[in-house]
Amino acid sequence: MSIDAARRQAFGAKFDVSRRDQTLADQLLGGRLTLSPHPEWALTKDLEWTEDPFSDRNWRAQLQMLRWMDPLRRRADAGDAASATAWLHYAKSWIDSNLSPAKSVREAWMDMVDGLRALELCIALPFVSDFEPTALEWLIPAIQVHAEWLMDERNLGHSNHALHQHQGLFVCGAVLRNEEMMQIAECRMLDLFKSQYDSQGINAEGAIAYHMANAHWWAAARHRLELEERPVGEAFNLLDAAAVALAHATKPDGALVSIGDTDGGNARVINHSATKWVTTAGADGEPPTDTVRLYDAGYLFARSGWGEQERDFKDETFLSVSFGSPKRVHGHRDGMSMTFSSMGHEWITDPGKFQYGSSPMRDYCLSRASHSLPYLLDMENDDSSIVECVSHKFTSSVYEATFVDRGYRDARITRRVIYSVSGEYAIVIDHIDSEIECTAVQNWQCGKETTAVATPSGFQLSAPAGGHAAVLFTGTRPNMSIVSGQESPIAGWVATGWKKREMAPALQFTKVGKRFRFITLIAAGAKGKVPTMETVRHDVPGLLRLRVDTGRVSEQIVIERAESSITGFYADEVESSTLNGSDEELLNPLDKAARVNAFENIENAFKQAWESDEESIRLNEAERLRGIRDRYETNNGVDLGLSAAIADLSCLTQQQISSQGLVRARPGLLTWTVDRSVRSGISETPVVSLRGANSELPALTVDTLVSYSLGSIVLPALVSPAPGSTLTVMFHGAVDRAKTTLPLFQRLRFQKTLNAGPTVCFSDPTLDLSSDLRLGWYLGTERVALANEIATATKMLVKSLGCTDVVFQGGSGGGFAALQVGARYPGSHVVAQNPQTDVREYIKTHARNALIAAYGDPEIGEQHQFLDRIDVMYALRTLDPNMSVTLVMNKGDVFHETKHAAPLRHVVTDLPGVSIDNINLDLGPGHKGLSNEQYVDVMKRVYAKIDAKHV
């Protein structure tokens, strides 16, 4: 017998020491037993082991596991004699009553129950050998009986039940020093793992809750093998992929999406950076690198983001689609079913688990009629048919996938789901193709606490917190109904826990015929708006054009047979990619020659325009650049600034952008031979254009957009003159390109109310390199060292405005820019709020996108020529700066504190010219910006410090 092995193996779900151990043990000692999720029961000292107070198989099985006794075991390990005595009493009682499988109650030797009980008996050996050694005379033989039972393949279950049995056998072998048992258990575990996980790390049980539970159980199994020095190798590496899948399957509220036998819960027990991120609302860990993932086993997950760019994690948009086989251990008949969450509420949900066994509500939860999918009322669906994902395409603007249900003998249903990345809504097109007339229902099960009312165009939804959403139709009008809390037949219910349910509206569109379709919008409104949808008339066969306005964006989605695209809300003409195929060469932003060609052509075009007063030359250059751009297909929106240069040369206005249906385009920022203005915020602002950052500025008396022509890019600055000797220079962070038109001058109007002197806001021209880029960190290009140029422009502004001091201010990516420019401006003051300090240490997707667009290089190592541009610490060490830094950090942002703030503080300790004033605020979990009130407090503190310096 190995007591040491028993001590090593004393861990796992419900076996770990916890802060509640004393409380749980006291409850048992006081005769109170709670086997979750069931109610408390009065535990008697003398059990018959046939008790069944709730007529529930799950409760009976848990009683026989003996795992409920483990708080007593843990307290006994800590020296609690009462707990030790109680554990020994119940263990001996069970052994006397049930050790012989032939004479025991049915549940006593069920698969899984036997394995978990074997663990409980084994890990009790340490305290038993110390507290009452004579008890080993009956405990060790009981362990041997369990081991022999588990060795027999005839007693094995499947899936996670088998896993618990294999773990039980392995631990029995470890404590009994039986190599054969350990080898058999090890081989069984490895074989089972291979059968339960596919190459994408998806577990075979068909429910997100069980994907999570299995990841936890298998991590424990791996650890058991490692503790006994078994050669695990790479066998369990797929558990990392399983953890990432759990992050993708987590809704913005932090709970797991309720697919299959899942009623909430979260992935907090999974120790992985991705699950840490989604269970802490972005405060810790690191999110997955993508926002859409299709798993071949039957899941599609898409989301607007991970709460990483100063948007609360809970407010992100999330969509899921379930497909695949219904014949999975904990799966439902839910192929094509969708969920949709946005703006802090789950609008469309899955009905959940409710219970195991059979009941009218459980049968309803398993059925197709309870899920958000299309089904036929008068035809039977084959419950073994597989819903396939027959195609999918994910671009920077649209995620779409098509699913087919062939489960009806005389009909086929096709569902096409199209998600707009910019608009954060879904267009769902369900095609019914039947040989005979049929009645089809498109069902949408609302989440709990959702209110629904019918409107002429569909259904309007609202949430208790005030949010709005809509489920709208277009095309032939369907019959509409709302069902909530119906008992016969059951409809309009969602499970909220074990044998618990709540009424929730089920929205139904119904049509009758042989061949028809439902076209439906699922969208949440922003800024208090209820989403709207209208069909745009056109003459192109096979083309569907819809105008969607959510309050967040107003855009037109163009849906063809093969693909979809986004264009401007008022675009009149849409070119069909199906009718106009393209053989254009792909512009690769990683290709050095392609980058040089683009940049040199832009530089030459600007040179011609600057050196000539003739409008025709400038417009010819714009046309030449348009010809260059149109020869290529942009790669994820990266056109290296060609579109922005065309706008600048053409003096393109915002009105022209809207009328041409251009998406994520900015107006021209350069003025040439005539006076012009651009809209910045809510008013028209005069423009002054300069060739180079060191150009002399004219006298400025009103808010003016100063645009600096810097090689191939244009740096926009909104200058607001005011009395005072301190110039505040402001930088922005991430930009929502769907609803924000560049240039962006963030918080300028509020800053002006502080009356702290003149202000200049710089908009990041790095964003002009790619229409999809949300965060550019003011990196510039390989040909433009943007931080240096901004420092030079600031010196000229200081001279022009008559200032003596400069404050560089920014948050997140803007904080990074403030630190970089401040390091290049001697004597500056920097206010950096939750900044990044090394681009490479930020979310990999955003960092990679910015580095590709800016430098054509996603991997910048320690010897790279641009290291000082992307790493603040490296820049500080090499530039020997003179500046004071006010570092404002959110206590709830562990990611930025660990990855960015701490390294900055560390390097500054060796730099005599740099000082840091730390301000720590409690803004809640995740990456959050300052409120206006907090911003005022911080800035007044900085200005007071500057004023004191001059006293």
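**A close look at the cysteines**

Analyst: A search of the whole structure turns up 0 disulfides. Keep in mind that this is a predicted model. Let's take Cys446 as an example. The cysteine sulfur closest to the sulfur of Cys446 belongs to Cys365, and it is 16 Å away, which is too far for a bond. To count as a disulfide, two cysteine sulfur atoms must lie within 2.5 Å.

How covered is Cys446, buried or exposed? Its relative accessible area is 0%, so Cys446 is buried. Cys389 has a relative accessibility of 21%, so this residue counts as partly exposed.

The protein holds 26 helices and 39 strands. Among contacts with a separation of 6 or more, 65% are between residues 24 or more positions apart.

What about the overall form? The C-alpha trace spans about 105 × 75 × 50 Å along its principal axes. The radius of gyration is 32 Å, which agrees with the value near 30 Å that a compact globule of 951 residues would have.

Finally, the surface: the protein exposes about 37,600 Å², and 48% of that comes from carbon and sulfur atoms. As for charge, there are 95 positive and 119 negative side chains, with the centres of the two sets 3 Å apart.

How values were computed
Residues are numbered from 1 along each chain as its sequence is written. This is a predicted model: local features need pLDDT of at least 70, side-chain atom pairs count only at pLDDT 80 or more; totals for chains, interfaces and linings use all residues. Side-chain values use heavy atoms; hydrogens and water are left out. Helices (H or I, at least four residues) and strands (E, at least two) are DSSP runs, numbered from the N terminus. The radius of gyration is taken over C-alpha atoms; the globule rule is 2.2 Å times the number of residues to the power 0.38. Contact means heavy atoms within 4.5 Å. Accessible areas come from the Shrake-Rupley method with a 1.4 Å probe; for residues, only the protein chains shown count as cover. Lys and Arg count as positive and Asp and Glu as negative; His and the chain ends are not counted. The place of a charge is taken as NZ of Lys, CZ of Arg, CG of Asp or CD of Glu. Buried means under 20% relative accessible area, exposed over 50%, partly exposed in between (1.4 Å probe, protein chains only).
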